[in-house]
Amino acid sequence: SLSSAVDLISIGDKWKTKVLEGPTILNDKGAEKKMYILSMFPYPSGILHIGHLRVYTITDALNRFYKLNGFNVVHPMGWDAFGLPAENAAIERKVNPATWTMQNISKMRVQLDNMLADLDWDREVTTCNPDYYKHTQKLFLELFKHGLAYQKDAEINWDPIDQTVLANEQVDSQGRSWRSGALVEKRQLNQWFLGITKFAHSLQEDLNLLKDWPQNVKTMQKNWIGESYGTEINFPCSTGRVIKVFTTRAETIFSAQYLALSLDHPITKEVASIDDDLRQFLDMAKSLPDDSKIGFLLKGIKAKNPILKTTEETLPVFVAPYVLGSYGHGAVMGCPAHDERDYKFWKHNMPEKDVCPSVIPLESNVATDLALPYVQKSGILNSSTAQFAGLEIDRARAKIIEELESLDAGKHTVTYKVRDWLVSRQRYWGAPIPIIHCESCGPVAVPDDQLPVKLPNIEGLATKGNPLRGIDEFVNTKCPSCGSPAKRETDTMDTFMDSSWYFFRYTDPKNEKQPFSHEAASKYLPVDIYIGGIEHAILHLLYSRFISKFLASIGKWDGNEVKGEPFKRLVTQGMVHGRTMVDSQTGRFLKSEELDFGDPLNPVIKATGMKPLVSFEKMSKSKYNGADPDKCISDHGPDATRAHVLFQAPVNDVLSWDESKIIGIERWLTRIITLAIRITKQAPDYNEHFAASTAMTGKEISFHNEVQKLLQAITDSFSESLSLNTVISDYMKLTNAIEAALKSREIRTDLVLHSFKDLITAIYPVTPTISEEAREILNVNLNLKWNLYQWPKPQLLQEQQLVKYQVVVNGKMRFTYVADKSFIDNRDSAIKILLNSSDGQRYLAGKTIKNTIMKKKVISFVVT
Ligand code: ANZ
Ligand code: ZN
């Protein structure tokens, strides 16, 4: 049979080279509209995994779709090549990390070719190459010049496994490193920071502009940045010091019963230096969770509520682990009556004391009935200070702030959860921070003509930690400013710094002088579609937005109109889960060789003949549920693999990878090729200059409209909804409609063929080699010269153009025939079509036509 002769794998091989060059299109050059399609660049681990296959299939399908639509598409690829895995592999294997990385890159390049990804290799960037990190260093110095890169002593996160510090963003809520999983330790160290907090407001505010971003990503960013409007209040203390607190509920000030300081508050440290008990408490408290209710009373300090002028009452001051050192002023005014945590703290530490509310609900004015803590943000003030008593709380807050301002004891303020970005790392495999430390000049920028500061070549790294410190030729240098002996910075940059600007470099990858030109970046940015994993919802996306806004703010690209936002549309693709087989008797995970796949949809356990329990779970080595993209491609061909990836799940959802289901796709692709052969047999005299609207019958119009509607749905799925799984099902529907039309013999073959050509074009983004093969069959068999692809412009024919013709034979009305109003314009073709119709066969077959009269809605035959 025809279908068994279709070899999807050979077709894949045959067209691979051509397809990797992208489509041949009509308006190849000079396209005005740009389309920048970006996928998060991979870490060059050496293996393209199934998650990569998924993202790059999505971006490549979009890339090809937009090319067929005449866009100037940017679809680049690069390598996020610095970082610890290379360094660790280098230590293990005693090789140079650069060598290891480059080998991996070439392996992955082959795999990307195998999946037919049409990428702009002339834009390729590799972050560990000096021609790239030279510009990462320039970017660092630009930040330094603007006061946004600075060193400070801070309590930081230390990863004891990777032996380096980490940024806050890189520690999860359990206090573990994002990379090594180690429990992070706090250490006091001098480190480099980037001033992301200077951009915190616009980073939060401008999330509102990102209409085409998933809401969950925006929410995560918003919570991370944590902009909070409130009041800063100064509490004078008995020792002459002042404790500043941040509060969002200034109106609760009359219920403040204590103050609490963080473990690393300056006053805490000062007291600790002379108080052994406090020192012991701090040692113990370090390991307590943030929600602990333990506190340490500072007996020597009393605070005074600044708004209470008449009373001599004072407030006790505690040190408490629940107060975060890195938020607000690292101090709170404790209001047990109106805050859950303050309430618990107070009850635990001062059980004998009352709780005194100052806000009560509107309906009651009997404070004693109130269930405490009363945390609702509504009600009125129950204060003995006549000035504020009875005021509704919003009003009261405004008045209290006014009063505090007049007393010089407080003011409106805004605070953020996000901290400045800690970018220095004590590791080898990263871009060296381009700074020279001079005893008299301080930290000095490495002059432009001395960039890049190259990583010294080390053959075989011995240990973790930073070997740069021990290389005298690297460390010892001269101060660029005064010429005296100086020392080079030995920390390298966080690799998130490399990836915070790579999409700028893609726009101008060969620029030697600057990271990129203003012109190139402004032409291509913002990125139109950015696709990647949800795991980057905070880290990478926040850093990139910051750097991009910074670059716009200093005029490096024309980003003002979009507030420096680099990514117009963000798509977070779902994870790929693997088919997991468990022996229900033993609970053991089964390897595929333990199963019999004779019936691929219903495998059985070889040893027992029983059916396994099947589920889909995150892929892991211990569950034997991994999938190998390369193997899938060599078993089923690239096109079937690509279509299968897209068909199995909507882009944002988890994809349950079940290779047995690829059979449906293979059948469909086989049908396309057999259809191509069949069509050319049935329409040997196809006229390429087909005009859709001339003289169509009713059936033809409805066939035509069905095809156009599906083409429109496919177009919309690509350009708007990105619903790529329905694209595949629409392809199948289109194939069915064309097959049925061909079989019915009631639709003009040139219309069928024209629709089939549109189908061949429409499948090109997903299954390009099958598309090319089908096109070749048409060209060869019909002697066509169809070489340029152009995306179809779907057009519906109006139903009101239809006419119901009455067909009269020898004076008698015999049947009606619905067709386009231009049907009778071409008499000969109309007669031919009528004769071929089923009613025509019945009334006219075998007769000799003497005369035919066509008038408006009546067609009369005189026959013998
Ligand atoms: C008094 C008060 C009374 C508060 C009340 C709340 C309710 P958001 O909204 O997240 O910004 N706070 C301030 N600094 C803190 C720190 N370093 N560590 C822990 N908590 C801190 O939270 C603002 C509130 O968090 C502030 O308002 C403060 O408690 C607490 F009925 O002040 B509030
Ligand atoms: Zn100097």
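Select helix 19 (residues 662-682) and helix 21 (residues 724-744) of this predicted model, where helices (H or I, at least four residues) and strands (E, at least two) are DSSP runs numbered from the N terminus. The two helices pack at an angle of about 30°, with their axes 11 Å apart, the axes being lines fitted to C-alpha atoms over the stretch in contact and the angles running from 0 to 180 degrees between N-to-C directions. That makes helix 19 roughly parallel to helix 21, a term for angles under 35 degrees.

Next, show the side chains at this contact, to which helix 19 brings Trp668, Arg671, Ile672, Leu675, Arg678, Ile679 and Gln682, while helix 21 brings Met732, Thr735, Ile738, Glu739 and Leu742; residues are in contact if their C-beta atoms, placed from the backbone, lie within 7 Å. By class, this contact has 7 nonpolar, 2 polar and 3 charged residues, with Ala, Val, Leu, Ile, Met, Phe, Trp, Tyr, Cys and Pro counted as nonpolar, Asp, Glu, Lys and Arg as charged, and the others, Gly among them, as polar.

Move on to ligand 1, around which there are 17 residues, with Ser228, Thr247, Tyr327, Gly328 and His338 coming nearest; a residue is near if its C-beta atom, placed from the backbone, lies within 6 Å. Strand 9 (242-247) and strand 13 (331-334) each supply at least two residues of this shell, which divides into 7 nonpolar, 8 polar and 2 charged.

Residues are numbered from 1 along each chain as its sequence is written, and chains are lettered from A and ligands numbered from 1 in the order in which they are written. In this predicted model, local features need pLDDT of at least 70 and side-chain atom pairs count only at pLDDT 80 or more, whereas totals for chains, interfaces and linings use all residues.

Note on methods: Angles under 35 degrees count as roughly parallel, over 145 as roughly antiparallel, 65 to 115 as roughly perpendicular and the rest as oblique. Two residues are in contact if their C-beta atoms, placed from the backbone, lie within 7 Å.
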